[in-house]
Amino acid sequence: MKDIIIIGGGPGGYESAIRGAQLGASVCLIENDEIGGTCLNRGCIPTKALCRNAEIVEILKQADAFGIELETFSLNVAKIQSRKQGIVKSLVEGIYQLLEANKIEIIKGFGTLKDANTVLVKTIDGVMEVKGKNIILATGSVPSSISVPGADLPGIVTSNELLEFDHIPKSMIVIGGGVVAIEFAGIFSSFGTAVTLLVRSEIIKFVDSDITKRLVTTLKRKGMDIQTKLSFKKIEKTESGQFRVTVDSKKGEAVYEADMLLMASGRESYTQGLGLENLGIVKGKKGIDVNENYQTNVPNIYAIGDVNGLWMLAHVASHHGIHAVEHIMGHKAHINHVVVPSCVFVMPEVATVGLTEEQVLASGKPYETNKFMFAANGKALALGEGEGLVKVIACEDKIVGVHIMGPHASDLIHEAALAINKGMGVADIANAIHAHPTLSEAFVEAVLGLRNEAIHQMPKKKR
């Protein structure tokens with residue numbers, strides 16, 4: 001009997017397995033597809049590879065500003081796909097090596113709960129039983145759709161299918177305003193596709209509105225058509241093979257047509273065939289119900305990552321899994337699951353951690369904010385990426401929220417995450433010397449501006 005059985009080999013699953021082995025547990029990892037799950041194979045990694053292609057295209061478009069004269073350039077889709085697949089293959093192979101080095105048993109098959117200590121695994125050779133003292137469910141999530149006539153028409157793609165594109169479409173409708181929708185809209189817009197983004201409410205709602213307003217303006221300026229606060233009526237296919245989407249908006253009914261339609265309206269936890277009903281495991285609207293240690297109502301069965309619906313982020317799944325394993329092995333978990341950075345890999349990048357101004361305002365607490373523009377940062381201008389800002393929110397001198405739109409926002413956000421996690425204030429950041437010229441200086445200046453002490457920012461008018 002294993003100490004821990006893990007169903008699902010994505011970031012949450014395989015990192016749980018490795019942490020369990022580090023703590024001396026005997027671990028079995030069950031995965032029906034490829035190790036690495038959605039993140040490595042159909043999500044985070046392949047999309048970031050494509051994002052890099054898009055970034056290079058954007059750089060080439062402004063080559064003249066850098067004194068580089070190019071007559072023309074073209075995209076080789078086959079090479080783009082080959083590069084993407086090579087990155088994925090390398091990382092997946094590396095994870096297999098880590099699992100083997102940690103003596104973790106890997107079973108390729110579909111796992112179903114039989115009872116609290118038994119998993120039935122359907123493999124290509126038949127069905128086998130695996131027994132364990134504890135079970136971690138890490139089955140992730142799958143793309144969801146909207147409930148509207150025509151949403152299931154042949155040819156409509158999700159992110160899974162779009163990743164395998166074999167040509168650059170002339171036009172594309174993207175339905176959705178979340179991270180997946182924004183990232184793919186940005187990628188294909190850079191590739192030359194005429195992109196129309198159709199959103200039920202607002203884009204990336206978890207980000208501070210100062211950021212989203214500027215992002216919408218920037219993307220529209222680059223040629224993207226963004227329509228928000230829509231009610232979807234129907235999806236049809238025209239005689240010419242295009243997709244036609246009919247919506248209601250503030251201005252009345254509107255119709256949009258494009259060669260390709262990406263359904264990116266969100267994701268939902270994946271529990272199909274998992275056998276939750278066999279044990280009476282409770283599932284809520286967003287996912288499997290869990291407590292603070294990610295235990296289900298069956299105490300030795302845990303649910304981590306997307307399948308519990310708390311956060312649809314790979315890095316959160318990893319930390320859920322590590323927390324669960326440490327709890328199983330009698331160790332006190334040391335991870336703060338409240339301070340969670342989130343990133344959107346669009347151009348310019350967006351990253352956020354902590355509270356938005358809207359959330360602080362709703363709490364009724366007194367607060368201060370300051371924004372520092374990348375246009376005043378030397379490194380950003382040298383990169384040719386002076387667009388965007390860093391916004392800092394503080395309550396009683398403690399930093400509670402940081403929101404960034406600009407170059408390398410996904411890298412810069414982690415100093416902010418550390419500051420919020422450790423309850424740091426303005427002095428803590430101001431007293432730490434930051435190298436020059438760097439993008440990180442924008443964060444320091446934004447923090448100093450809370451006290452009207454920013455060096456490269458015009459002084460605020462006294463209230």
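Glu105 is partly exposed, because its relative accessibility is 34%; with a 1.4 Å probe and protein chains only, buried means under 20% relative accessible area, exposed over 50%, and partly exposed in between. This is a predicted model, where local features need pLDDT of at least 70, side-chain atom pairs count only at pLDDT 80 or more, and totals for chains, interfaces and linings use all residues. Residues are numbered from 1 along each chain as its sequence is written, and side-chain values use heavy atoms, leaving out hydrogens and water.

Which residue does Glu105 form a salt bridge with? The partner is Lys2, with the closest N and O atoms 3.2 Å apart. A salt bridge here is a side-chain nitrogen of Lys or Arg within 4 Å of a carboxyl oxygen of Asp or Glu. Glu105 lies in strand S3 and Lys2 in strand S1, so the pair ties together parts that are 103 residues apart in sequence. Strands (E, at least two residues) and helices (H or I, at least four) are DSSP runs, numbered from the N terminus.

The structure holds 20 salt bridges. Another of them joins Arg52 and Glu55 at 3.1 Å, N to O; these residues sit three apart in helix H3, separated by about one helical turn.

Now let's visit a sheet. Three strands form an open sheet in the order S11-S12-S13, with antiparallel pairing; two strands pair if DSSP finds at least two bridges between them. S11 and S12 pair over six bridges. Lys234 stands opposite Thr246 in S12, and Lys234 also forms a salt bridge with Glu236, the closest N and O atoms being 3.8 Å apart.
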